[in-house]
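Here are some notes to read with the model open beside you.

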Amino acid sequence: VHFPDVERVEWLNKVLVQAWPYFGTIMEKTFKEVLEPKIRAKNVHLKTCTFTKIHFGEKCPRINGIKAYTKEIGRRQVTLDLQICYIGDCEIHMDISKFNLGVKGVQLYGTLRVILEPLLTDAPFVGAVTLFFMQKPHLEINWAGMSNLLDVPGINVMSDSLIQDFIAARLVLPNRITVPLRKNMNIAHLRFPIPQGVIRVHLLEAENLVQKDSFLGAIRGKSDPYALLRVGTVQHRSKTVSRDLNPIWNETFEFVVHEVPGQDLEVDLYDEDPDKDDFMGSLLIGLVDVMNDRTVDEWFPLSKTTSGHLHLKLEWLSLLNDQEKLHEDKKGLSTAILIVYLDSAFNLPKNHFEYSNGECGAKKIKNNKYLKKMEREPSSFVLLTVGNKTQKSKTCNFSKDPTWGQAFTFFVHSAHSQSLHVEIKDKERDSALGTSVVCLSHLLKDPNMTLDQRFQLDHSSSDSFIQMKLVLRALNVEEPDPDRVKAGVNASKQGPVRVMEKGGNQQKSVSPPEVSKVPPVSKDSAALESLPKRDSGEDLATKDCSAAPVPSETVAVPDGAEHKQNPEHRPPSALHSGAAAVPTLPVVQELRLAPSVTSLGSLPSSCFELSSSHLDIHNGTEMPLGEIQLTVRYASIRQSLVVLVNGCRNLVPSSSRGVDPYVRIYLLPDRRWTSRKKTSVKKKTLNPQYDEKFEFFESLENVKKRALDIAVKNSRPFISQERKELGKVRIDLSQEDLIKGFAQW
């Protein structure tokens with residue numbers, strides 16, 4: 001399968017196949033010499049741990065494709081997304097005391113991002129390699145020995161999810177593994193870069209959700225919907241709305257976004273039940289489009305379900321180093337983000353009895369076992385709190401100078417009054433080894449709103465410190481660029497664009513769908529009108545146009561050039577009364593204009609002339625059957641192909657009583673009746689106006705391999721002998737720039 005932006009790397013897979021046995025040998029040695037001693041040192045019960053069999057099998061991981069980013073990133077880095085699939089036959093067995101545990105086969109697949117940064121002018125040319133998964137990878141483990149109890153239904157899901165969480169805590173954003181390739185390379189800013197921004201999600205309402213509750217398996221009741229929203233490893237749950245298929249939530253959630261492009265907003269709707277919650281539909285929104293649009297407010301159709309729409313308002317918040325933007329929000333929303341880089345601590349006390357107001361306190365301990373335990377170095381972790389949110393670091397075992405090397409983010413409502421509370425605790429005794437309070441107002445005294453220093457620990461030894469770097473950034477919703485065309489499907493419509501078209505002596509006014517400004521039209525493009533018609537049996541891709549493509553807003557209408565319009569040739573109007581029911585049309589970023597007559601053959605389907613090749617024409621001549629105006633673009637934020645049928649003109653009547661035209665659309669090769677899209681029927685007109693929008697929910701890669709089959713048909717009685725088909729157009733989507741979109745007659 002060919003994807004336009006994902007490259008197959010069969011040569012790399014062949015290298016992996018050849019190198020896999022040698023990699024297996026290295027890993028077997030690592031398990032025995034490095035991992036086994038570490039496991040034994042973890043706990044007294046694990047002292048007998050021994051690997052009895054380590055075999056990584058014949059099947060090696062496979063890279064299904066690589067996507068390379070060049071335009072969206074800086075010049076000093078290379079970013080690659082690797083689609084990894086591993087269906088392995090590895091076998092690893094371990095004995096602990098008299099128990100045999102093991103793994104006999106692993107399945108893993110996900111997208112691994114590899115960042116090579118910074119690029120250097122001398123060897124090794126790359127300073128460091130950073131690795132992480134964008135989302136939790138899918139994992140299945142086939143257990144062996146005593147551990148095959150974990151394969152019992154119910155337990156297996158739990159065990160796999162625990163291991164997935166373990167991987168996520170180390171390898172899924174915002175967690176990264178950074179390996180320096182050059183000596184003395186400072187990798188702190190590579191491991192913990194400043195986030196790209198914050199996405200604020202207003203979960204407003206839903207409508208027409210599917211009914212999931214039933215009584216005695218027959219009578220359907222109303223569902224109790226709630227939503228799960230996810231970006232990376234962070235998940236929020238909405239409140240549950242009881243017995244309502246059109247729930248209103250009006251809740252707001254905020255997510256830190258670390259990688260764009262790459263991270264998506266996932267929304268799943270469920271019906272809350274006492275036993276098992278029923279799935280009601282899902283939604284996936286690419287955050288790169290929200291970042292570019294700044295604000296998106298629209299109804300999204302739910303996928304993986306039969307009906308339902310979800311109303312979301314999405315705001316992209318940029319991170320600014322500007323204290324003037326730190327005004328308090330009246331609605332209680334976050335105004336800033338605090339990033340805490342937790343580095344290390346120094347000279348922690350062994351226990352909380354070791355100090356008392358800076359002096360060692362005297363306490364008699366009768367139990368010698370407890371005394372020995374107290375004399376050990378502490379196993380410490382850190383609790384960081386801002387407002388009502390507390391986050392916990394990993395635990396560093398048996399060290400009075402622990403190094404955590406982790407980053408945490410907190411949403412801040414008032415930087416002038418809030419504080420960061422830090423507490424170091426001992427895992428063994430759950431006692432505090434030291435505390436520190438940092439007022440965020442101290443950060444405002446620094447022009448970069450940054451503090452990177454050692455902080456003295458209170459309630460600890462006199463020489464105990466903690467090393468942290470604190471960065472404060474203001475959150476700001478920037479105004480959208482007025483010249484930029486939004487990717488959202490509900491971008492507001494502008495006024496109709498008035499253009500001239502030659503039609504004998506009559507001048508017509510046309511209002512196409514929204515267009516952005518493009519260069520003025522040359523005389524050559526106006527000359528398209530006078531082109532001779534070719535045989536309609538020829539390929540549509542080389543067919544000449546009978547009307548010029550719609551020019552831009554820069555074309556002026558000469559004084560007095562516009563005459564009274566024929567009522568049959570009325571301009572396609574914007575949505576008026578139906579605006580509430582039908583979402584507004586997508587925006588067309590650019591109209592492609594033929595620069596000259598000679599280049600027309602290189603613009604496939606640039607104008608859509610209804611074909612007369614297979615139709616029974618009464619006069620027996622080959623002639624055009626009219627035109628249809630279409631707007632086609634791919635809405636990447638909704639993962640759908642949007643087709644807007646504006647209207648038709650100059651249709652050829654199939655009978656003396658007139659025609660009742662409608663438009664039928666297929667996305668070939670799918671000709672199933674259930675996949676068919678169909679407009680409403682317009683009575684007794686040869687110039688019907690529809691302004692109706694249809695969506696095909698397919699990936700862009702899939703759409704690029706398809707074609708649109710569009711037919712204008714006459715709605716006639718079943719027993720009628722009248723001709724039904726009035727004209728047909730086929731558009732090869734592989735030849736079009738669907739992200740920019742196009743709108744033509």
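1. Start with the hairpin. Strand S14 (residues 264–271) and strand S15 (residues 278–286) pair in the antiparallel sense, with eight bridges between them. Two strands count as paired if DSSP finds at least two bridges between them. S14 and S15 form a hairpin with six residues between them, and Asp 264 has Gly 286 in S15 as its bridge partner. Helices (H or I, at least four residues) and strands (E, at least two) are DSSP runs, numbered from the N terminus.

2. Before going on, a word on how to read this. The model is predicted: local features need pLDDT of at least 70, side-chain atom pairs count only at pLDDT 80 or more, and totals for chains, interfaces and linings use all residues. Residues are numbered from 1 along each chain as its sequence is written, and side-chain values use heavy atoms, with hydrogens and water left out.

3. Next, helix H1 (residues 10–42), where you'll find Ala 19. Ala 19 is partly exposed, at 35% relative accessible area; buried means under 20%, exposed over 50%, and partly exposed in between (1.4 Å probe, protein chains only). The C-alpha atoms of Ala 19 and Cys 60 are 9.2 Å apart, although the two residues are separated by 41 residues along the chain.

4. How many aromatic pairs does a search of the whole structure find? It turns up nine. Rings of Phe, Tyr and Trp (its six-membered ring) pair if their centres lie within 6.5 Å; planes under 30 degrees apart are stacked, over 60 edge-to-face, and the rest tilted. Trp 20 and Tyr 86 make a tilted pair, because their planes sit at 55 degrees, with ring centres 6.1 Å apart. Trp 20 is in helix H1 and Tyr 86 in strand S3 (residues 78–96), so this pair ties together parts 66 residues apart in sequence. Trp 20 is buried at 9% relative accessibility, and Tyr 86 is buried at 11%.

5. Now look at Phe 23 and Phe 56, an edge-to-face pair with 6.4 Å centre to centre and 80 degrees between the planes. Phe 23 belongs to helix H1 and Phe 56 to the loop between strand S1 (50–55) and strand S2 (62–69), so the pair ties together parts 33 residues apart in sequence.

6. To finish with the rings, ring pairs link Trp 20, Phe 23, Phe 31, Phe 51, Phe 56 and Tyr 86 into a cluster.
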